[in-house]
Amino acid sequence: MHIDNQNLKSSIYYVLGGLFFLLAPFYLPEYARILLVSILITSIYVASMNILSGYLGLVTLGHAMFWGTGGYVVGILTTRGIVENFFVVIIIGFLATGLLGAILGLIVVRMVRVYFLIITLALGQVAFSIAAYSLANITGGTDGLGGLARPYLGFAFSINDTNFYYLVLLVTAVNFLFMYMLRRSPFGHVLIGIRDNERRMSAMGYNVFIYKYTSFIIAGVMSGIGGMMYAYCDRFMSPTELGFGWSGAGLIMLFIGGIGTTFGPLVGATVYTLLRYFVSVYTMYWSMISGIIFITVVLFFRGGMVSYISLLLRRKRVGSFESRKIR
Amino acid sequence: MEVLRVEKLGKSFGKLVILRDVSFSVLKGEGRVVIIGPNGAGKTTLFNMITGELEVTAGKIYLFSQDVTAMPTYRRARLGISRTFQIVNLFRSANVIENVLLALKANNKCKYQIFRPMGSYTNLYENAKGLLERMKLWDKRYFNIGGLSHGEMRKLELTLGFAMDPKLVLLDEPTAGLTMSESEQLAAIIRGLSQDVNLIMIEHDMKIAFELADRIIVLSQGGILADGKPDDIRKNQRVNEVYLGKKK
Amino acid sequence: MEYGAIVVQIVNGLAFGFLLFVLAAGLQVIFGLMGVVNIAHGSYFMFGGYIGSSIFLLTGSFLLSILVGMMGAGILGILTEVFFLRRLYGSSLFEPILLTFGLSLVFADLGQMIWGGAPTWIPTPEFLAFSCNFLGHPFPAYRLAIILVGLAVFFILWLLQEKTQWGAIVRAGVNDKQMVTALGINISVVFTAVFIFGALLAGFGGVMGGPLLGIYPGLDADVQILALAIIAIGGLGNLLGLLLLSLMVGLADNFGKILWPNFAVLTVWLVVVGILIVKPFGLFGRSS
């Protein structure tokens with residue numbers, strides 16, 4: 001392997017990107033920084049769907065339930081003063097979403113394609129209904145749960161808006177790094193192999209169920225992390241964060257950005273969030289607009305924006321395993 | 001040592017009977033076994049049952065002297081059985097070398113690794129290089145599957161079958177769709193690869209079948225019609241009746 | 001609950017079940033024949049109802065409402081199939097479904113744009129606007145009418161499927177598209193026809209359901225999700241199975257709302273999930 005111009009160019013892009021994010025609070029106006037935080041948190045959510053729907057090819061319409069679970073963990077724990085410490089809350093959130101994924105995964109992962117879609121949809125609706133009605137006394141029901149505090153890190157370190165931005169940036173960066181490594185790892189390649197040809201993977205000796213199950217849990221926990229950061233950010237949780245609408249939105253973002261790619265989630269989250277912000281000024285029918293965009297992408301831009309941009313820059317084929325080239 | 005034993009194997013879908021009462025066994029080092037038979041005889045179904053992709057309705061299957069009748073496919077693969085497919089069944093998102101790497105990883109501990117990049121496993125790449133060079137596909141290693149000719153895809157299909165050093169390989173019509181000369185080239189490769197591996201092959205091309213076979217099993221209408229050396233099969237009257245005009 | 005009240009609730013549940021059946025039947029054929037889960041199907045139901053309600057306001061004729069409502073839904077169906085789905089045949093399994101999902105979003109907002117956010121009702125047609133008395137409990141005759149009409153629809157569908165050539169073609173197509181094409185039948189015409197038929201059925205259900213359920217933003221999602229659950233369990237099996245399942249879901253939903261209001265949605269879904277666990281391919285579907 002030799003260093004060439006391509007690697008140098010990539011490195012420059014990464015450095016520039018990094019600087020952009022690191023220095024954002026200093027040059028972005030307040031509303032833009034708030035949008036950026038939202039984008040970053042959302043990109044974690046979309047990345048989690050990318051694992052399931054992008055790498056594994058298991059399209060899910062119920063993933064919001066993990067996001068919402070994470071958010072409600074934060075909400076319930078902090079508003080009732082049960083736990084104050086940020087780190088403890090996060091750990092509990094991990095455990096809660098992980099447990100949920102582990103239990104549901106056993107049922108759900110065995111299902112084939114379309115039935116998987118329907119059952120994830122069903123489970124998402126169950127989650128929504130539990131939060132909205134069944135456990136309304138704990139969750140605040142359809143009115144939502146408000147008054148969440150910013151994260152309390154334990155030592156006398158208060159979180160103001162700037163600090164919070166860096167916290168979110170850190171979490172997002174770590175998450176991105178994880179996704180980057182996953183994509184290029186043997187595990188990641190196996191996932192894509194399963195997507196392409198599950199039958200052959202089995203025939204070669206791979207225990208496909210374990211891969212699907214593990215990925216389901218990982219994706220669930222990741223989504224939950226996003227939900228937790230969201231709760232700390234917006235300081236308000238409502239059952240809609242668990243429902244079909246948000247699950248669908250995640251899918252839309254994933255497709256806009258480029259399903260199965262590393263940067264897809266970030267690009268998709270950015271485009272969707274920005275568009276929604278600006279379109280909502282003029283009309284309340286954002287749902288319809290997002291539907292139209294989605295249809296357009298599905299019909300004409302199969303690989304999402306990342307593929308499109310890649311093609312423009314005439315870089316290597318997107319969607320392949322992105323493994324290193326050997327002599 | 002028995003590599004494979006199939007005992008009174010049967011398969012039906014409701015009232016539809018595909019296979020009935022199929023029994024035979026293959027010994028280690030026995031040489032190449034070729035299964036022939038008219039369409040619909042149940043050959044691929046037989047393969048699918050041996051690999052575990054299709055459930056057994058009746059009978060038992062033993063791989064390397066172990067009862068695998070209820071064992072899931074991936075566990076059977078780990079015992080040392082591998083197969084290729086009648087319709088080319090490659091990984092279309094990946095290029096040639098990545099396809100091979102997927103096969104090589106299957107038995108390697110690294111397949112659960114998330115935190116190290118695939119590129120760091122140079123020994124696997126060396127293996128892949130060896131395999132691809134033998135198959136004369138090394139130059140095309142970065143080609144995406146869509147850019148390969150049918151003959152090259154068949155060769156890659158074969159490569160995947162042999163990549164994991166299996167003890168028993170099932171080839172399902174490996175020359176399907178190839179020209180005469182391509183078929184002969186592939187047959188030569190198969191002959192070379194199967195020196196220390198047990199090979200069972202389904203073949204429609206009679207010339208290749210009789211050329212490569214050390215033993216022929218004739219399957220017809222779900223049952224074994226004949227089982228023996230190629231010369232005996234050639235002279236077998238019932239086989240001739242079933243195959244009127246098809247044999248060379 | 002005393003006996004009379006139970007019977008009333010059973011009738012309510014059955015009526016709802018029949019409406020779901022009408023929706024699910026169309027969904028099932030489309031899924032079976034084209035492999036597409038039409039997420040916009042509930043939107044046809046809702047639009048049929050909306051258009052029906054507007055026509056009723058204009059003309060006061062229930063019959064006209066049904067006809068125009070069905071036509072409206074049918075037009076949506078044509079639009080969906082011709083302009084959108086057609087481009088995607090032959091691509092991966094999920095893209096058509098995602099397309100219908102996008103369309104469902106568009107239709108939902110479109111409904112709100114045209115008819116506003118407040119729920120609409122279609123008043124019960126006059127000749128049915130009386131109450132029967134059963135053991136001291138009054139209940140509207142309209143619900144009985146839905147049940148009767150529902151049964152009629154079932155028989156018509158069954159006849160179409162089993163006894164006509166068209167039905168035979170569709171059934172053959174579900175099993176083996178290539179065969180049908182080889183027989184010289186233009187499969188894409190069959191697709192379109194089936195799709196439109198399903199949409200018409202959905203629209204019919206929407207208008208019929210007008211007096212019972214009302215029409216409101218979110219109706220499309222409510223019925224769609226239940227119908228999806230029904231075909232998930234019912235699979236590609238038979239029409240009778242679908243009917244029974246729809247009725248069961250209707251009853252479960254109705255009784256759930258009464259007995260455990262907070263857990264109403266849960267009852268239906270737990271049943272669905274439970275069945276899918278035991279039989280991942282649905283109760284009647286064969287493994288494919």
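Predicted model: local features only at pLDDT ≥ 70, side-chain atom pairs only at ≥ 80, totals over all residues.
Helix H6 of chain B covers residues 180-193. At 1.5 Å a residue, its 14 residues should span 20 Å. The C-alpha atoms at the ends of H6(B) are 20 Å apart, which agrees with that value. Four residues of H6(B) are now considered: B:Ser183, B:Leu186, B:Ala187 and B:Ile190 are buried. They cover an arc of only 105° around the axis, so they lie on the same side of H6(B). On the other side of H6(B), B:Ser181, B:Ala188 and B:Gly192 are exposed.

B:Asn198, B:Ile200 and B:Ile202 point one way from the strand. B:Leu199 and B:Met201 point the other way. In a regular strand, side chains alternate between the two faces of the sheet. In S8(B), the residues pointing either way are all buried.

S8(B) pairs with strand S3 (residues 33-36) of chain B in the parallel sense, over three bridges. Here B:Val34 stands opposite B:Met201. Strand S7 (residues 168-172) of chain B also runs parallel to S8(B), and five bridges join the two. In this pairing, B:Leu171 stands opposite B:Met201. The chain passes from S7(B) through H6(B) to S8(B), and this β-α-β crossover is right-handed.

The contacts between chains come next. The contact between chains B and A takes 33 residues from chain B and 29 residues from chain A. On the side of chain B that touches chain A, helix H2 (73-79) and helix H3 (96-105) of chain B each supply at least two residues. The residues on this side of chain B divide into 16 nonpolar, nine polar and eight charged.

Chain A also touches chain C. This contact takes 29 residues from chain A and 32 residues from chain C. Three helices of chain A, H6 (113-134), H11 (244-257) and H13 (286-300), each supply at least two residues of the side of chain A that touches chain C. The largest share of that side, 13 residues, comes from H6(A). The residues on the side of chain A that touches chain C comprise 20 nonpolar, seven polar and two charged.

Notes. Residues numbered from 1 in each chain as written. Chains lettered and ligands numbered in written order. Expected span 1.5 Å × (residues − 1). Buried ≥ 20, exposed ≤ 12 C-beta atoms within 10 Å, placed from the backbone. Arc of directions from axis to C-beta. Contact = placed C-beta atoms within 7 Å. Nonpolar A, V, L, I, M, F, W, Y, C, P; charged D, E, K, R; others polar. Pairing = 2+ DSSP bridges. Right-handed = clockwise from strand over helix to strand, strands pointing away.
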